[in-house]
Amino acid sequence: ACNNAGTAAYRGSGIPSPDYDSARKFYTRACYEGALTASCRTLSDMYRDKQIIASAKGEAEWLDAQLCFKANENAYCKSTTGQYRVLEQASAEMYSSAAITAGNLCREGDSMGCRTEFLLKACAKASGTSPVLKACRRSF
């Protein structure tokens with residue numbers, strides 16, 4: 001439903017002109033809560049087309065990195081970003097290295113980098129067949 005509402009706001013259906021702020025809210029919810037790749041892709045494109053501005057440092061870069069690694073959307077892979085490097089290292093189960101990279105992003109003001117650093121440190125400490133390590137493998 002959120003994806004459909006986002007599309008209606010994005011296209012301006014039933015309103016005088018597109019409402020990008022409303023579209024952003026709906027697409028964000030569909031992307032992050034509903035895991036709808038199409039919503040994530042449109043949201044990223046809205047950043048790229050400057051229809052919306054990121055409200056937090058690294059916001060658009062995290063979205064692109066997730067599209068790259070979790071949805072295999074090669075057009076969104078930007079190997080020059082720290083967010084890409086975090087997910088690249090984490091997907092290779094190099095959790096300690098990924099935590100350091102995320103920590104560097106955190107110190108630069110990237111709040112998602114801070115949260116990701118915390119998670120990756122827990123992943124790095126986990127071992128064997130622990131539930132934490134299983135969750136890390138699914139997450140990254």
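Which pattern do the disulfides of the chain follow, with bonded cysteines counted along the chain? They follow 1-2, 3-4, 5-6, 7-8, where a disulfide is a pair of cysteine sulfur atoms within 2.5 Å, and by this rule there are four of them. This is a predicted model, in which local features need pLDDT of at least 70 and side-chain atom pairs count only at pLDDT 80 or more, while totals for chains, interfaces and linings use all residues. Residues are numbered from 1 along each chain as its sequence is written, and side-chain values use heavy atoms, with hydrogens and water left out.

**Overall architecture**
- The chain has eight helices and zero strands, these elements being DSSP runs numbered from the N terminus (helices H or I, at least four residues; strands E, at least two).
- Along its principal axes the C-alpha trace spans about 55 × 30 × 25 Å.
- Of the 140 residues in the chain, 38% are buried, meaning under 20% relative accessible area with a 1.4 Å probe and protein chains only, whereas exposed means over 50% and partly exposed lies in between.

**Disulfides and cysteines**
- Cys31 is joined to Cys40 with an S to S distance of 2.0 Å; the torsion about this S-S bond is about 100°, so the disulfide is right-handed, and both Cys31 and Cys40 are buried.
- The sulfur atoms of Cys106 and Cys114 are 1.9 Å apart in a disulfide that is right-handed, with 90° about the S-S bond, and Cys114 is partly exposed at 28% relative accessibility.
- Cys123 and Cys136, both buried, form a left-handed link with -95° about the S-S bond; because Cys123 lies in helix H7 and Cys136 in helix H8, the pair ties together parts that are 13 residues apart in sequence.
- Cys2 is partly exposed at 22% relative accessibility, and its sulfur is too far for a bond from the closest cysteine sulfur, that of Cys31, at 11 Å.

**Ser44**
- Ser44 lies in helix H3 (residues 37-48) and is buried, with a relative accessible area of 2%.
- Leaving aside neighbours within four places in sequence, Ser44 is in contact (heavy atoms within 4.5 Å) with Leu63, Asp64, Leu67 and Tyr76.
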